[in-house]
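Work through the exercises below with the sequence and the 3D view open. Each task is followed by a solution in steps.

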Amino acid sequence: MGLVEVREGTTHFFVPEQDADSSFPPGTGAVFYNRRMELNRDATVLFLRHTDVSSYLDAMGASGARGLRVANECGIPVTINDYNPDAVDLIERNATGFTEEDITVTQADCRVLMGGRRFDAIDLDPFGTPAPFVDGAATSAKRYLFVTATDTAPLCGAHLKAGMRRYGARPLNTEYHSEVGLRVLLGFVAREVVKYDRGIEPLFCFAREHFVRLHLRVTRGAGRADKTVARIGYIHQCPACPERLEEPGIVAGCHICPRCGKRMTPTGPLWLGQVNDRDLIHTMAAGLPSVPLGTSGAIERLLAILGEELDTSTFYNYHRLAKLWHTSPRGMDDVLACLKEGGYEASRTHYDGRGLKTTAPLDVLRECI
Ligand SMILES: C[S@@+](CC[C@H](N)C(=O)[O-])C[C@H]1O[C@@H](n2cnc3c(N)ncnc32)[C@H](O)[C@@H]1O
Ligand SMILES: [Zn+2]
């Protein structure tokens with residue numbers, strides 16, 4: 001295959017030539033590479049520069065981009081795996097210059113590999129859904145699990161049946177569907193992990209464009225697993241108005257909208273509450289200038305929002321609310337200030353530039369908008 005050299009962060013590697021005229025150039029080479037996922041990889045490099053990880057498995061390496069960068073830019077011993085022989089040839093070529101202690105290359109179905117070995121951190125970066133691989137990673141990952149999902153339509157409720165098959169959850173296509181997608185994926189990973197008396201703690205999770213990315217700590221013991229289960233629940237959305245509520249628990253109750261008396265629609269089970277470790281987000285933001293990353297500007301903006309994003313499980317698109325209430329909205333900063341002056345918490349959200357999170361009731365929000 002014809003190769004071209006690329007650089008991400010401070011790492012150089014080869015990827016297959018792609019057909020630029022195709023509707024999806026990353027899929028046209030013998031081995032997959034998507035430049036648009038650079039931010040996703042940059043985020044993991046930054047995270048790992050602030051985390052003590054002793055071994056890392058890039059379970060689905062393709063060109064090896066991710067694992068090569070972790071070895072080179074974070075100094076962590078990595079194993080890079082793929083079941084495609086063309087990918088393994090390319091990874092081996094890209095690993096020339098690294099020692100065997102730095103990078104081990106394997107060719108296996110990652111489920112078989114994870115069934116027989118343990119790694120301090122495991123990274124799942126599949127085509128589309130990670131659902132078939134999380135069970136294996138749940139026992140193979142000693143302390144950290146990272147997951148990418150690019151099947152945002154099933155996760156967010158646009159492809160309802162596929163979402164229910166893959167994630168055992170009923171998503172709902174609402175104005176906050178991108179957040180539902182992230183929370184459905186987190187809820188699914190949580191349920192896969194707690195079977196083994198283990199728990200998860202979300203550290204650095206975000207949704208962007210066509211993907212969801214999770215960086216999780218994996219904990220041990222039935223007590224931690226129970227704590228994880230306690231974070232699973234439902235969002236109930238009124239079908240007729242913007243009212244919604246959160247309900248923890250494995251089983252969804254029945255709720256009537258307090259504003260219009262309609263029966264609310266449950267979405268879930270999904271993860272409720274915190275999806276980021278705010279201290280870690282601030283530490284990573286502070287460390288960002290000393291880490292050379294191609295997408296550092298975008299990551300800086302992302303971390304700034306994540307550092308203040310409220311832990312409510314949904315957000316409002318305030319332009320939509322303004323339209324519903326037949327008013328032209330004030331600027332976002334004014335609305336946020338008004339909510340805070342009223343004694344409520346309020347923040348922007350990374351899911352949507354017009355999205356707003358708040359603990360205020362709808363009537364207060366209406367006044368502020
Ligand atoms: C989206 S690509 C990975 C991209 C890569 N991590 C990157 O950052 O550029 C998915 C890769 O997973 C590999 N793959 C899919 N299923 C696999 C499995 N069960 N075991 C191992 N590799 C698998 C495919 O061959 C493909 O190379
Ligand atoms: Zn209602």
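## Exercise 1: the ligand site

A polar side-chain atom of Asp 109 lies 3.1 Å from a nitrogen atom of ligand 1. The model is a predicted one.

Task: find which residues have a polar side-chain atom facing an oxygen atom of ligand 1, and state how much of ligand 1 the protein buries.

Solution. 

Step 1. Start with Arg 41, where a polar side-chain atom is 2.9 Å from an oxygen atom of ligand 1.

Step 2. Go to Asp 82, where an N or O atom of the side chain is 2.6 Å from an oxygen atom of the ligand. With a cut-off of 3.5 Å for a polar contact, the pairs at Arg 41, Asp 82 and Asp 109 qualify.

Step 3. Turn to the area: ligand 1 taken alone exposes 610 Å², and the protein buries 95% of that.

## Exercise 2: the shell around the ligand

Task: describe where ligand 1 sits and what kinds of residues form the shell around it.

Solution. 

Step 1. Helix H2 (65–74) and helix H4 (110–116) are the elements that give two or more residues to its shell.

Step 2. The ligand is surrounded by 20 residues, and the closest are Arg 41, Met 60, Asp 82, Cys 110 and Asp 125.

Step 3. Sorted by type, the shell holds 11 nonpolar, 3 polar and 6 charged residues.

## Exercise 3: strand pairing

Task: give the strand order of the open sheet that contains E13, E14 and E15, and explain why one side of E13 and of E14 has no neighbour in the sheet.

Solution. 

Step 1. The order is E13-E15-E14, with antiparallel pairing.

Step 2. Strand E13 (316–317) and strand E14 (346–349) are at the edges and each has a single partner strand, so one side of each lacks a neighbour in the sheet.

Step 3. Between E14 and strand E15 (residues 352–358) there are 4 bridges. One residue pair to locate is Ser 347 with its bridge partner Lys 357 in E15.

Step 4. For another antiparallel pair, take strand E10 (residues 232–237) and strand E11 (residues 244–248), joined by 5 bridges. A hairpin of 6 residues connects E10 to E11, and Gln 237 has Arg 244 in E11 as its bridge partner.

## Exercise 4: backbone details

Task: identify the residues joined by a cis peptide bond, and locate Ala 62, whose phi is positive.

Solution. 

Step 1. The cis peptide bond lies between Gly 268 and Pro 269, with omega about 5°. Pro 269 belongs to strand E12 (residues 265–271).

Step 2. Ala 62 is not a glycine, yet its phi is about 55°. Ala 62 is found in the loop between strand E3 (56–58) and H2.

Methods. Residues are numbered from 1 along each chain as its sequence is written. Chains are lettered from A and ligands numbered from 1 in the order in which they are written. This is a predicted model: local features need pLDDT of at least 70, side-chain atom pairs count only at pLDDT 80 or more; totals for chains, interfaces and linings use all residues. Side-chain values use heavy atoms; hydrogens and water are left out. A residue is near a molecule or strand if one of its heavy atoms lies within 4 Å of it. A polar contact is a pair of N or O atoms within 3.5 Å; within protein, one must be able to donate a hydrogen and the other to accept it, and residues adjacent in sequence count only if both atoms are side-chain atoms. Accessible areas come from the Shrake-Rupley method with a 1.4 Å probe; for residues, only the protein chains shown count as cover. On a 1 Å grid over the protein atoms alone, a cavity is a set of points where a 1.4 Å probe fits but cannot get out, and a pocket is an open set with protein on both sides within 12 Å along at least five of seven lines; lining residues have an atom within 4 Å of a point. A molecule sits in a cavity or pocket if more than half of its atoms lie within 2 Å of its grid points. Ala, Val, Leu, Ile, Met, Phe, Trp, Tyr, Cys and Pro count as nonpolar, Asp, Glu, Lys and Arg as charged, and the others, Gly among them, as polar. Two strands pair if DSSP finds at least two bridges between them.
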